[in-house]
Amino acid sequence: GGSLREGEWEVGFSHLENYMLDHGTSRVNLHKKTEDGFLLGSWVHNQRKNKNKLTREKVERLDKLNFSWNPSDEDWEKGFEYLRRYFEEKGNPEVPIRYIDNDGFKLGLWVNRQKSAFENLSKNKVSKLNSLLGWKWDYKERESENLKPVLIVDGEIEIRIAMSEILEYCGLSIEISSDATDGLKKFKSN
């Protein structure tokens with residue numbers, strides 16, 4: 001019954017406290033096992049999933065460890081904070097795809113993911129991004145000539161490459177035949 005589950009919870013909490021001391025975070029990989037075989041990652045996942053079933057005391061104890069109740073939202077907020085700082089410094093939320101912040105955060109890729117995931121973002125996230133003056137969702141909205149999409153026609157296959165920067169980022173360059181039906185002339189590594 002209840003006391004057995006209570007004991008299991010205390011074991012899990014004790015493992016989480018130790019993990020916090022060793023790693024400085026309560027964010028545990030889902031598959032993390034402790035040295036004695038305790039499935040700490042699963043335990044942490046279950047605390048998040050069943051937060052509304054936990055006693056107030058347990059929630060408070062986890063909160064004292066700065067327990068991460070919703071890591072993906074926390075990651076999103078962190079990314080948005082980087083974008084907001086970039087915007088304040090540069091006056092423009094158009095981040096080059098390969099831009100990496102001074103402390104290693106890949107802001108360009110984060111921004112690209114937000115634009116790709118538009119349909120799946122919450123209204124709150126969409127409105128936060130829209131609050132940045134100059135924010136654009138679609139690459140077609142971009143004014144800059146060198147960032148216009150490139151259309152490659154090869155027989156009946158169309159491949160849309162979002163921006164020339166993506167190719168450059170991958171270390172590739174392309175040359176397109178003047179006759180689009182000819183398709184691609186060259187695709188080479190730089």
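The model is predicted, so local features need pLDDT of at least 70 and side-chain atom pairs count only at pLDDT 80 or more, while totals for chains, interfaces and linings use all residues. Residues are numbered from 1 along each chain as its sequence is written, and side-chain values use heavy atoms, with hydrogens and water left out.

Let's begin with empty space. Rolling a probe the size of a water molecule over the atoms shows where such space is left. A pocket here is an open set of points on a 1 Å grid over the protein atoms alone, where a 1.4 Å probe fits, with protein on both sides within 12 Å along at least five of seven lines; its lining residues have an atom within 4 Å of a point. Its volume is the space filled by probe spheres set on the points, which are joined across faces, edges and corners.

The largest pocket holds about 330 Å³ of space. Of its 13 lining residues, Arg5, Trp9, Gln47, Leu54 and Lys58 lie nearest the centre. Helices α1 (2-23) and α2 (40-49) each supply at least two residues of this lining, and α1 gives the largest share, 5 residues. Helices are DSSP runs (H or I, at least four residues), numbered from the N terminus.

The second largest pocket has a volume of about 200 Å³. Among the residues lining this pocket are His15, Tyr19, Lys33 and Leu40. Once again α1 provides the largest share of the lining, 5 residues.

Now look at the rings. A pair of aromatic rings is described by the distance of the centres and the angle of the planes. Rings of Phe, Tyr and Trp (its six-membered ring) pair if their centres lie within 6.5 Å; planes under 30 degrees apart count as stacked, over 60 as edge-to-face and the rest as tilted. The structure holds 9 aromatic pairs. Trp9 and Trp43 have ring centres 5.6 Å apart and planes at 55°, so this pair is tilted. The pair links distant parts of the chain, with Trp9 in α1 and Trp43 in α2, 34 residues apart. Trp9 is buried (under 20% relative accessible area, with a 1.4 Å probe and protein chains only), at 5%. Trp43 is buried too, at 8%. In Trp135 and Trp137, the ring centres are 5.3 Å apart and the planes at 85°, so that pair is edge-to-face.

Ring pairs also join Trp9, Phe13 and Trp43 into a cluster. Finally, Arg61 lies over the face of Phe13, 4.3 Å from the ring centre; such a charge counts if CZ of Arg, or NZ of Lys, is within 6 Å of the ring centre and within 35 degrees of the ring normal.

Technical notes: Buried means under 20% relative accessible area, exposed over 50%, partly exposed in between (1.4 Å probe, protein chains only).
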